[in-house]
Structures are given as structure tokens and as C-alpha cells.
Amino acid sequence: MPITRKRAVFAAVFVAHTLGVLSSIDALMSTRTAPGAVAWIVSLSTFPYVTVPAYWVFGRNRFNGYVIGRREDDSLLYRELAQKMSHVGQYAITPPDAQQQLQAMERLAKLPLLGGNEAELLIDGEAAFASMFAGIDAAERYLLVQFYIVRDDALGRELKRCLEARARAGVKVHFLYDEIGSYRLPRRYVQELRAAGVEVRPFHSTQGSGNRFQLNFRNHLKIIVADGRVGWVGGFNVGDEYLGRDRRIGPWRDTHMKLIGPAVFSLQLSFLEDWHWASGEILDFDWQPATAANGGMPVLMLPSGPADRFETASLMVQHALASARHRAWIASPYFVPDESVLNALKLAALRGVDVRILIPERPDNILTWLAAYAFVGPLLEAGVHIHRYQAGFLHGKTMLIDDGAAAVGTVNLDNRSFRLNFEITAWVLDEGFGRDVAAMFEADFARSREMTLAEVLDQPWWFRAASRAAHLTAPVL
């Protein structure tokens, strides 16, 4: 080999290993779990040629530069929103005695539990989109619309027509989408919205020097706020498959929620934080909350994401399970929880709580489906009941703790939702709403089959090996 070529190879090897060492230091200081840090350090040090670029795309779980207006009191965003946030205090309430143990969630959310709300459970696409589109059409002053996935299909074009009509009627419409989740959204779709007067922004997760290569961060929210009085949150994105129109996927089972009352402010605040990141603008809207005539329901809105100081979504699930006394029912389309949540599930079942996990039978992600078989055996042994939904693809993200604490939101039981995605969960502390959620779960359980320990243990060795290998990919699933 010529000397110049040897020098070039030596230089390339030297640079690669130097970057590997520097990346290992970054992994040591920033990776939140010890096993994750060890895995990255070993791979970055021994084979940096592939793992260095992989680390800077997939490895980090801290989102740099994002300002949380409800927390960072030295920020301009916080100062601008402080007066509006102070008005929320008059609606703050103390949790009922039965839910005192849920107070830690207020500290995680950095938002209070608010009374005077009405919550309506929206089951499946026809009900959810009929409610959302009617709410958009009724908006008089402003609309805040945010989705992870937006498609240019029949449903996506219907949403576009609704937003364009309100913008032309003088309503201020702000539309935010995740450019990674909506990577197929054509430029024409956005241009036509803007031509009609809609303010449109991609979330732009890769902006800032610390995030330039971080395609792993996503904004997973699906929310609408109309005039600060009515809001919607839940599992639905915008695409024909969410109405069961995709023959490959089949029927789509999902859950959303309509909310009226002071807690809509918390939903709006989450949007304002995301809009500020995406555009640099601080939106200023008068807040005129609606309140329920009969006292209403207590609601806590709990945003979470990779800019939080804690692993908020994982802690939320752990705390909910720890607070359960007789029931903990959870639905999630993706079930690859971290070790802490797995232990919380086992402990709840071992102390006699009726723990049920509802997941799809037919996956849309083969790795997620395989990975579940790596850890469901110990859960079943501990007494956790795992149900696989048979009547289509299950996509709802819901929880029911005992009788009066129910959650509807965007959080899946996986590492992506716990550490990489911006998410939001609405907790409703009301036994009437809890009965509605319980009835929904019962109907779903009736369309499901319960897994047995035998079906896990009887899998061939190659399947068990494949499931363990898939489980290793959990940090990026």
C-alpha cells in the first residue's frame, strides 16, 4: 500500500476512534440509564465507524434548547405567560381523598389539578372526527391544531378544508405538525393552507446545534383547542386508516376525548410551548374558559417529553400503578416498557390489584410485537393479565386506576414515549367518567383473547432468540 494511502487510512482510523472516545464521554454524561450508557460506551469505543453516526442520530435522549414556559422562570416565554398562568389558580382544587396519592402528578406536570370541566369520551374515528370537525367549524376567535401524522388523503383534505374555511372567516388558525411523522405530506398541502391564511409550522425537531442530527425526537401530540374553551386530545392522527379505510390495516380501534373547561388552558399552554420552539413566536390569546354548571370534573393535564428534567411519562405510569388499590387497566398499541414500569406492573399484581394490559394482536411494527415476548412471561407469572385485541388494530392510549382516575392521551408504553417523544396525558378524576372508560375497556376485553404462560414458553428457540434480539432495539422502538 502506498505511503500516502497508509497515512490516509491511519488518519481516518485515528479520527474515527477519537470521535468514538468523545462520543463515549457524551454518552457517559447524558445517557439516563446505566445499561444504555455501558452499551453505547463499549460500542463507540470498539467499533466507532458505524456506532458514532448511529449515536448522534439515535443515541441521545435529551432535547436541547426547548423552553418549558410553565417551569423555566428565567425564560422570556415564562414571563410572557406568567400572568395568564396566574389566572389558572382560581380553578385549582385539591384532589378528592380517594386520589390524594395522585398529587405527585401535579408536581410532574408543573400544572395544577383544575375543576369545573366536562369530559366526553370519543370512541373510534367516526365519533372523534365528527366532534373535532364540528368544533373547528364552531370556532369564532382562534384555533390551535397539532398532529403527529397528517396525510394528504380524503380525511386530511377534509381537515384542510375546515381550517381554510375558518381562516377565511377571520378566525386565527395555527397549525403545527411533526415533519418526521408527516414526512409524506406534500408541500402543496402546506402552501394551500398558508394561501388561505392559516399559520403553518413544522415542529422542526432538528433545529439548534445540539439537535441537528437527532431524527429520533418526535412531537407525538394530537390536540385541538378552539377559542380556549374546548379542546380535544387522544390517539387519533389524521389519515384515512384512522377511519378504518386502509384494507391492509383493517378496522382501527382508537380513543380520543373532548374537554370543556379550565383544563383546556393546560392543553393550550402545551401548544404555545411547542409553537414557540417551532417558530420563535409567543402567541398571545385571551383566555375565556368555559366552566361546567354542576361543578364539573377535576382534570389534570400532564405534558411530558425529552426536555423534562425527569422521565415524566415513565414516572407517571409508575406512580399510577403504585397508587392503584384494586384495578389498573391499561391500553397501548406498543408495549415495550422499561424495567421500572415492568417492576411496577408486577408489584401491583402481586399485591392483589387487577392489572390488565390491552395490546393489539396484529402489529404494525414487527419488532415491537416480537420484543413483547421477551418479558411477558414474568408478567404473566406475577399475575398480570395481558389481552390481545382481535377486532382490528388497537391504537388507543388509555388508563383506568380504580374507579375514579382515568387517563386519555398520547403516551404508549415504550421507550419512545417515555424518553424521546413529546406527549400529553389528560387525567380525569371522576367516577362517572371512570364508568364510561370501564365500559369501553370491558367491550374491548370481550373482543380480545388473554395470553397464557404456555404460549410464551412453548415458542421455539429461534422465536425466543428473535424476541430477545428485538428487545435489544427497545431504545429506538
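Which residues in α4 meet which residues in α9? In this predicted model, L77, L81, K84, M85 and V88 on the side of α4 meet F265, L269, L272, E273 and H276 in α9. When the residues of this contact are sorted by class, seven are nonpolar, one is polar and two are charged.

The arrangement of these helices can be given in geometric terms, since two packed helices are described by the angle between their axes and the distance between the axes. Helix α4 covers residues 76–88 and helix α9 covers residues 264–279, and the two pack at an angle of about 175° with their axes 12 Å apart. Because angles over 145 degrees count as roughly antiparallel, α4 and α9 are described as roughly antiparallel to each other.

The residues of the contact of α10 with α11 comprise six nonpolar and three polar ones, with no charged residue among them.

Aromatic side chains were examined next. A search of the whole structure finds 14 aromatic pairs, one of which is formed by W329 and F445, with 5.2 Å from centre to centre and 85° between the planes. Planes over 60 degrees apart count as edge-to-face, and the pair of W329 and F445 is accordingly assigned to that class. This pair links distant parts of the chain, given that W329 lies in strand β11 (residues 327–331) and F445 in helix α15 (residues 431–446), 116 residues apart. Are W329 and F445 buried or exposed? With a relative accessible area of 2%, W329 is buried, and F445, with a relative accessible area of 8%, is buried as well; the assignment follows because buried means under 20% relative accessible area.

The ring of W329 also takes part in a contact with a charged residue, for the charged end of R327 sits over this ring, 4.6 Å from its centre. A further arrangement of this kind involves K160, whose charged end sits over the ring of Y189 at 5.8 Å from the ring centre. Elsewhere in the model, F129, F133 and F236 form one aromatic cluster.

Definitions and conventions
Residues are numbered from 1 along each chain as its sequence is written. This is a predicted model: local features need pLDDT of at least 70, side-chain atom pairs count only at pLDDT 80 or more; totals for chains, interfaces and linings use all residues. Side-chain values use heavy atoms; hydrogens and water are left out. Ala, Val, Leu, Ile, Met, Phe, Trp, Tyr, Cys and Pro count as nonpolar, Asp, Glu, Lys and Arg as charged, and the others, Gly among them, as polar. Axes are lines fitted to C-alpha atoms, for helices over the stretch in contact, and angles run from 0 to 180 degrees between N-to-C directions. Helices (H or I, at least four residues) and strands (E, at least two) are DSSP runs, numbered from the N terminus. Angles under 35 degrees count as roughly parallel, over 145 as roughly antiparallel, 65 to 115 as roughly perpendicular and the rest as oblique. Contact means heavy atoms within 4.5 Å. Rings of Phe, Tyr and Trp (its six-membered ring) pair if their centres lie within 6.5 Å; planes under 30 degrees apart count as stacked, over 60 as edge-to-face and the rest as tilted. Buried means under 20% relative accessible area, exposed over 50%, partly exposed in between (1.4 Å probe, protein chains only). A charge sits over a ring if NZ of Lys or CZ of Arg is within 6 Å of the ring centre and within 35 degrees of the ring normal.
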